[in-house]
Structure formats: C-alpha cells, structure tokens
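Hi,

Here is the structure I promised to pass on. Have a look at it first, and then read my notes below.

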Amino acid sequence: MAPVNRIIRFSSVDGPGNRTVVFLQGCNMNCRYCHNPETRALCVHCGDCVDVCPTGALSFSEGFVSYDHTKCIFCDACIKTCRHDASPRIRNLTAEETFPEIEKQLPYIRGVTVSGGECTLYPDYLTALFSLCKEAGLTTLIDTNGTLDFAAYPALLSVTDGVMLDVKSWDSSVHRSVTDTDNADVLRSLSFLAEHGKLEEVRTVVVPGLVDAKYTVRETARVIAPHLSKRPVRYKIIAFRPMGVREAFRSYETPDTALLSSLADIARAEGLSDVIIV
Amino acid sequence: MRTITMDRVNTTREKMLDVVKSNTLTHEQKVANMAILADSLLEVLELPEGLSDLLERDITDGQCICDLNEGHAPLRPRYIVPDYAKFMKEGSAFLELPPPSDLYEALNSLLIFYKHVPSVTNFPVYVGQLDVLLDPFVKDVDEATAHKLIRLFFTHMDRTILDSFSHANIGPVPTKAGEIILDVVGELEDAVPNLTMKTDPALTTDDFILRGVKAALHTAKPSFANHPMFTAEFPSGISAGKDAGNYVIASCYNGLPYGGGSYTLSRLILGNIAKRASGIEDFCTKVLPQVCDIMARYMDERIRFIVEDSGFFENNFLAKEGFIRRDRFSAMFGLVGLAEAVNCLLEKEGKKGQRFGHDKEANELGVRIMNIINDFNAAHENKYCEISGGHFLLHAQVGIASDIDVSPGTRIPIGEEPAELRDHLEVLSHFHKYFVSGTGDIFPIDLTVHRNPDYVLDIIRGAFKENLRYLSFYSADSDVIRITGYLVKRSEIDKLEAEQNVKHDTTALGMGAKHNGKILERKVR
C-alpha cells in the first residue's frame, strides 16, 4: 500500500511519449526549492483543513481526517492551510487498487511514471504496481531523488524500464544546505543505475547562489558518459522558478539563458548528446 | 424556369452593387460573389414541399436545413476529386500537356491543372496524393533541388489557390517526397493547402508520423486520417496510388471517392430541429425523420439537375478525358449541432443538468439520434450514388462563420470540453464511425509538447485503435490555426479586422468563427 496524492492521466512531461503519472506522498529530503512542498509530509490529522474545505470533501472523526475524492473540487484550500507540508487529499491504495486507474488510459499511453514526494519510500508497492503495468505492455519509469539503494531491490529493477534521477549537487556540503541530507546515496544510485543501463534521465535544478551547477553538471555527465552505449540518457537542465515554492525560499533568482546554455554545453562537452533546458 | 418578383431582382441588384463597391473584397472575391448573386435569381429546381419553411430562415430563427449556399442552379458538382495519377501518366489533350518527364514538368503540369478544377469555391478542393505523384520524379534530382522546387510549388499554391478548402494528401507509406513535403509545410507556415497524412499502423512508421507531428506543431497540419477505416469504407474502384486507397481527404476533412467527388452537401441543424419537438420521442419518431426526408429529397433534386440538366458531365474535359467519372460521385448528408440537440431535448424532459459530452444518458441519446439518421440514410435511395451503394454519405459538417450556438457535427461545444483529454476521446469514439464522408476533432496542444512529439504520436496511435477517424493538432501559439476544418493565419484575421484586403476568402470565415464560434477558446491539451 502507498499514499497516493494524485494521478495525472495524460502527461507530456514525465518521460517519453504519453504517460500516466502516479504521485506518492512523503519525502525524505527537504529541498529548499521544492515545487510541490505539500507532497513532502504525511498528514498528522490535526484537522485544521477540515474547516476550510468548501465542499465537505474533508471530515474529522475519531481523531482522523478523512477525504472523499468525489466531492473534491481541487481548490487547494486545505493545502494552503496545512502547517505540516502535507495534504489531506491522500488515498492509501494497493497496487491492485491503483492499476485500474492507469488501465483506463489504454490504448493512449505507452507507459507509467511514478513520482512524488519520493516514490521509492514504497519499493514493494512500486514492484507490485510495475509488475501489473508490465503485464499490460506498459513501460515503467521511476522519478526519484536517488536515496534508495537500488542494488538491494533486484525485483523492482527487473520491472523498471528506467529511472529519472535528480542530482541536486555534487558537493556534499552544498547538497546538505540544499536538501538537509547528504548526497552519498544519490551518487551511488547515479553510478549504479548508469552501469546497469537503468538511467533514463538526470536532472539538475539551477538556482544561482544556492547550487554549484557547473561542477554538478560536469561531474554528473562524466559518470554517465562511459555508459551511454548501454542506453541513451537525457540530461535535463531545469531553471529554478519561484512558482509553487514555499514563501521562505521564493527569493532565489531564476537563472539567465546564458548560464543555462553554458551548462548544457558542459554536458555536451562530456559526450552527452541529449541535453535539454526547461 | 419560374418567374420571380421584381422586388427580389432589385434587392439582388443592390447586393451586387455593394459587392462591386466593397473595400475589403479582392477582385477574385468580388467576381465569385457576383456569380453567386446572379445564380440566386434562377429558379429551376423542383423543391420538395415543406422545404422553404425549414431552409429559408436565419440560423437564430429556427433554420433546420442549410444548403451551404450551393446556389439555385448548380453548374458543377460541389466537390471534384480528379484522378491526378492518370493525368501524370497520360497528360491532357484539352490542356495540351504531354505526360511530365521530370519534377519540373510534373509541378508545372499540376499547377496548370489546378486552374481547371471547379468546385463550390471555384478553387480545387483536392490537389492530389502529392507524395505518390511526385516521388518518382524526386528520385531523379538531388535533395536540395527537390526541396527548393517543392517549396516553390507550395508557395505558388498558397498564393493562387485563394481558399483554404483545398487539400493535399500524403501517406500512409513514408516516401522521400512525403518527407520533403512535411519539411516544406513546416517551414512555410502557410494556410494553403490543407494536408492530411493517411495513417496505417502497418504501413506508417513512427518516424513519419513524428515528422508530421512536428510540422503540425508549427503550422497546424497535417491532420491524421485512419487509413484502414477509410479503405474499408471505399473498397472499390481506382486508387490514389499503391497503398493510398480509393478515397481522398478533400476540403476540410471530407472522405470522398477518388476520381469522383460529391455532387452536393446539405446539413441538418439538429439543435433547431430539436426545438420543434415536444420531447425525445416526438423528435426521434416524427420531427427528425420528417426533416431528414425533406433534406434528402432536396438533395435528390439538386443531384438530378447536375446529372441530367447541367451538362457538366457531358461537356467538361475532366469527365470527357476520364479524370472524373460520374459513377464515382456520391453526396454528403451533413449535420451540425448534435450537442445542442441532445441538451435541448434533455431540458425538455426536465433533465437540464445532463450535458452532451459529460453524462452517460446524454451521450447515449446522441448515439440514438445518430442511429436514426444512419438508418434513414441506409433506407433512402439515390440512383446516381452507385459508388456508395445508392445512398448518401454521412458528414459531420464543421459549421460556417455565421453559425451561432451551433457546434460542428458531433463535437462537444467549446468551453464544455471534458477536463481530461482521455474522457474527451472516449466520447468521440462513439461518433466518428458514422461519418464516412468526414468528421474530425481538433486539439490545441501546449507548448511543452514541442519537446515531446511522441506524446501526440501515442494519442494518434491510440485513437485509431479506438476507431476514431480523423484528428488535428496545433500548437496553442501558432500563427496558422485550424478554424473548424480549414486553416487560417491569425495574422491575416488581424489584417481583415483592420479592414485590409487579404488574399484568402477563408480568412473572413475564420474571423466570423473567431467571434461566433469561439474557436480561439478551445481547451489546450
């Protein structure tokens, strides 16, 4: 079972082709520039959101907030009220309960991407869900911060077509200042996935003054380059934008085009051909 | 010929003088309008009883049948689809052209031929299966030369075919000529000609479709046609080329027999027909069948005149030299406003909240109405429509600029599209099958898809598995946009709004549709 925050039925921005995206709730990093901070934590059932819900989709009884998705109009009043970076709009679903909501999109999608939050907090759910997807002929992608030790989950890897990995900073201390966590696990995942031909895409968010982007892009590209013969890997250079970011961190600047282009050039100089800026 | 009143003559003369003095019409548009007005004074058709009450009204005053201004004495079939492959092979005696021997001659011959293909717009509504026609010649020159020549050819078409109800076809088999055509239309960003890629899961490669998607994100074309579906519906006769089928896509998105065409197109205005009924049963059992019957008999009479009285098939070189054959013509039984009819009828039954495109009961009523029309057509016989089994071909008409509160064909009204594209596609899958002579849906696509054209590829592949017939996409920020079926440049609409001349007559229709049809407000996917 996993806490499902949202399912986007058709997505053009979460991997190749048209995909259904499942967002799971909860994250083990605390990125300053997180664009959907309401997916970070699990609900503590304080009940603050129930009062602001205009349609009665949220109710409170016996110490628990419950959510009726049929009444929800997605006005986000609950999320704006929450003091815990959580969301009450969560459905705890098994893989078998989730799959029918993916199957509805057949034959229009080529695959499924599971994102978050941090979806690898639920490896057993992912393994079960991807097994069902594989039976239906769908491709499977994981969108992750790289903290899972993939080597310890061969069953999950065997049903996963690719991983889209964030490398937020190459320098450990910078990584800590950006995310409150060390990056050793992330770099281990980068190498492991590249070596095993499971890396679909790597992303670095560019935040001037916060992230050492040139160093990060160069070193990351150097790890990927020797393994490109196993499969092509896209490097996505993402410009920081304040939209959706928590109030306290909105003052970071958006990088200019020249910086973004120079970063793309660095990745290309290391031998990566599929580099895009978004 | 019946006499008419002097009042009517004088009213028409006033309109003719207005045309002569118009500030915005080009010379060609004035000539065409003068001809339409002159024709309106003729009275030679034997009209079925009850027609005038249904036809001669404004759309806002209960008009139920519309003949799309085809005129009172049709002097040619509405849509003509010449066998260009025969022309390439044999040349034309009338035009004094031998068969072309290289790409220069092929393009020159086609451009000459286009000036001799009549239609309701006076411009060719079909300009050929261009990949098949040109590929043998493209192979004889280097690619840069072929590209340059085809680019000039397309520019020539845009500047001289002054109406975007003009359609080229490519596919389903990828060819070098097809690839060059896609690259050229993507570069030029012109409105004319419209372009369709016939798409077959067994014959059309992902690369070829993706090339088409990339062009469409620049210039709103090509659209994508379900080739196996059309080939099954047009099984016999002469082919547009190896694997290209016995049909073409002409004008907006009209599926028509190759080497023939359509005599006529009238349309039912279903929303207004529904207003005349007391409820669903009255509509389904009495009102709709009566209106269908009157429209069919009106079309019969128009066809009789074209075939028996106009002399077209005896005298025009296209028929005399075998570029078209009378027995490959059918006629299009059109309709608009299914959504408005369903919503109106449910309201009359006290179910105002139920909306077409959203509620099961509403969509099922839509299917029931379509089955009634389909059954009516299957029972109605016309001896000059041999190519389609003696029946007309149903057509989901895209609307005209003056339509108000009328959704094209069976489309879900703009502004009411389902939030999820998947749900939208599910509704369409119930309706596309009826319309052998064309239907289509249009999706403006978010800019981010420029980075992921495979997204559109997946939707096209999926849609044709679900028996959708025809889909069009354009980028939400393109200059060339698809109005209802035809293409217009936004920049040209701006010029017309500033009361400047524009070369394409369809720009005025686009301007009307922008204001009356809200076509710039479609839900972006």
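A:H45 sits in the loop between β2 (19-24) and α1 (48-52) of chain A; helices here are DSSP runs of H or I with at least four residues, strands are runs of E with at least two, and both are numbered from the N terminus. A:H45 is not a glycine, yet its phi is positive, at about 60°. It counts as partly exposed because its relative accessibility is 24% (buried means under 20% relative accessible area, exposed over 50%, partly exposed in between, with a 1.4 Å probe and protein chains only).

Before you go further: this is a predicted model, in which local features need pLDDT of at least 70 and side-chain atom pairs count only at pLDDT 80 or more, while totals for chains, interfaces and linings use all residues. Residues are numbered from 1 along each chain as its sequence is written, chains are lettered from A and ligands numbered from 1 in the order in which they are written, and side-chain values use heavy atoms, with hydrogens and water left out.

Chain B has a positive phi in a residue other than glycine too: B:N69, near 55°. You'll find B:N69 in the loop between β1 (65-66) and β2 (79-80) of chain B. With a relative accessible area of 60%, B:N69 is exposed.

Now for the cis peptide bonds. In chain A, one joins A:L106 and A:P107, with omega about 0°. A:P107 belongs to the loop between α3 (95-103) and β6 (111-115) of chain A. In chain B, one joins B:V192 and B:P193, with omega about -10°, and B:P193 is in the loop between α8 (176-188) and β5 (194-199) of that chain.

Leaving aside residues up to four places away in sequence, A:T216 touches A:V167, A:K168, A:S169, A:W170, A:T204 and A:Y235 (contact means heavy atoms within 4.5 Å).

On to where the chains meet. The contact takes 19 residues from chain A and 19 residues from chain B. About 1,500 Å² is buried between them, with carbon and sulfur atoms giving 51%; buried area is the accessible area (1.4 Å probe) that two parts lose on being put together, summed over both. On the chain B side, B:R422, B:R451 and B:D458 lose the most area to chain A, together 40% of what that side buries.

There are three salt bridges between chain B and chain A (a side-chain nitrogen of Lys or Arg within 4 Å of a carboxyl oxygen of Asp or Glu). B:D458 forms a salt bridge with A:R110, where the closest N and O atoms are 2.7 Å apart. Two helices of chain B, α17 (421-428) and α18 (454-465), each supply at least two residues of the side that touches chain A. α18(B) gives the most to that side, with eight residues.

Last, the domains, whose bounds come from an automatic or database domain assignment. Chain A has domain 1 (2-38 + 93-277) and domain 2 (43-81), with 30 Å between their centres, taken over C-alpha atoms. For chain B the assignment gives domain 1 (1-43) and domain 2 (81-257), and 35 Å separate those centres, again over C-alpha atoms.

Cheers
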